[in-house]
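Please examine the model shown below together with its sequence. The report after it is arranged by topic.

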Amino acid sequence: TPVGQLLPGQQTVVEFRHHFTQPGSHVIRATIEARDDLPTDNRNEMVMHVQERMPVLLIDGNPAGSFFERASGYMALALAPSSALFAGKTAGEKFLMDPRVVPASQVKSADIEEAKVIILADVPRLPERIAAQVLTRVTSGAGLLVIAGPRAEAAFYNNWIGLDGPLLPFSLGEEKTDVKGLSPAPSTFVHESLTLFAKRSDLADSMVKRWRSTGEANEHGVQAAALSNGDVFLATRLYGSGRVVMSTCAFDARAGNLPEIG
């Protein structure tokens with residue numbers, strides 16, 4: 001891939017795409033084909049670990065009722081559209097995401113340790129020991145998605161603090177309602193994970209009728225998307241070596257018609 005002539009101090013980025021066929025650790029080497037007096041700085045190496053499947057732990061704070069009445073039902077099926085999930089089984093090896101749903105009252109330390117991504121689906125609060133373990137996992141590199149539905153207790157989440165400060169990107173407030181509903185505003189989709197939705201999607205046609213208000217942004221907290229009235233819809237922050245994403249509404253039918261948007 002040619003980069004053209006670069007002036008002193010100028011930088012450029014070149015992107016390569018590669019499909020790994022085997023999981024495990026791989027050495028990635030990048031080389032600049034240039035003839036200069038310092039050939040040793042024309043190459044760089046790094047080790048990348050390729051995951052065979054991504055273990056995702058969904059902690060369900062509203063586990064009663066049928067599969068689609070639970071806080072995690074639609075989320076689990078979106079990650080791995082397998083009928084096996086209806087029976088409480090794993091999705092199978094053909095899916096990259098490997099979601100496992102555990103009721104909040106039954107989550108164990110081993111569940112937290114095995115997960116690369118942890119999703120709190122409208123969980124009111126976690127036991128102190130489990131909350132501390134989640135905090136440690138995120139700090140060391142795991143991903144955390146907090147879906148702050150109507151059952152989420154603001155006092156618990158706002159006091160969830162570790163060495164890198166408050167875990168959530170924004171403090172949680174009271175629940176708001178609008179019988180007509182508000183739509184996410186694509187013009188506010190500034191996070192990289194929302195790029196495709198900003199350009200072309202029907203997410204703007206969804207209606208959110210129940211959502212949580214937020215206070216001031218915590219340190220390093222960033223709004224990733226807003227509702228049409230300016231309230232926070234999604235927010236994120238880096239935490240240690242991990243990342244935290246927060247949604248101010250549930251991803252099930254209690255909050256509106258988000259599950260109907262495909």
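The sections below treat confidence, a helix, paired strands, aromatic rings and a pocket.

## Basis and confidence

This is a predicted model, in which local features need pLDDT of at least 70, side-chain atom pairs count only at pLDDT 80 or more, and totals for chains, interfaces and linings use all residues. Residues are numbered from 1 along each chain as its sequence is written, and side-chain values use heavy atoms, with hydrogens and water left out.

The mean pLDDT of the protein chain (the predictor's confidence in each residue, from 0 to 100) is 88, and 95% of the residues score at least 70. Helices (H or I, at least four residues) and strands (E, at least two) are DSSP runs, numbered from the N terminus. Confidence is highest in helix H4 (residues 154-158), at a mean of 97, and lowest in helix H5 (residues 195-199), at 76. Where pLDDT is low, the predicted coordinates should not be read in detail.

## Helix H3

Helix H3 (residues 128-139) has 12 residues, which at 1.5 Å a residue should span 16 Å; its end C-alpha atoms are 17 Å apart, which agrees. The expected span is 1.5 Å times one less than the number of residues.

Among the buried residues of H3 are Ile-130, Val-134, Leu-135 and Val-138, and Gln-133 and Arg-137 are also buried. Here buried means under 20% relative accessible area, exposed over 50%, and partly exposed in between (1.4 Å probe, protein chains only). Gly-141, which follows H3, has a positive phi near 130 degrees.

## Strands E11, E12 and E13

Two strands pair if DSSP finds at least two bridges between them. Strand E12 (residues 232-239) runs antiparallel to strand E11 (residues 222-226), with 4 bridges, and antiparallel to strand E13 (residues 242-247), with 6 bridges. Leu-234 in E12 is the bridge partner of Ala-225, while Ala-235 stands opposite Met-246 in E13. E12 is mostly covered, with 7 of its 8 residues buried.

The hairpin of E11 and E12 has 5 residues between the strands, and Gly-230 there takes a positive phi near 95 degrees. In the hairpin of E12 and E13, with 2 residues between the strands, Gly-240 has a positive phi near 60 degrees. Gly-240 counts as partly exposed, at 48% relative accessibility.

## Aromatic rings

Rings of Phe, Tyr and Trp (its six-membered ring) pair if their centres lie within 6.5 Å; planes under 30 degrees apart count as stacked, over 60 as edge-to-face and the rest as tilted. By this rule the count comes to 3 aromatic pairs. The ring centres of Phe-156 and Tyr-157 are 4.9 Å apart with planes at 75 degrees, so this pair is edge-to-face. For Phe-156 and Trp-160 the centres are 5.1 Å apart and the planes at 40 degrees, so that pair is tilted.

Ring pairs link Phe-156, Tyr-157 and Trp-160 into a cluster. Phe-156 and Tyr-157 are both buried, the former with a relative accessible area of 10%. Trp-160 is buried as well, at 5%.

## The largest pocket

A pocket is an open set of points on a 1 Å grid over the protein atoms alone, where a 1.4 Å probe fits, with protein on both sides within 12 Å along at least five of seven lines; lining residues have an atom within 4 Å of a point. The largest pocket holds about 1,100 Å³ of space, a volume being the space filled by probe spheres set on the points, which are joined across faces, edges and corners.

The lining comprises 34 residues, of which Met-75, Leu-145, Phe-197, Leu-234 and Phe-251 lie nearest the centre of the pocket. Helix H1 (73-79), E12 and E13 are among the elements that each supply at least two lining residues. H1 gives the most, with 5 residues.
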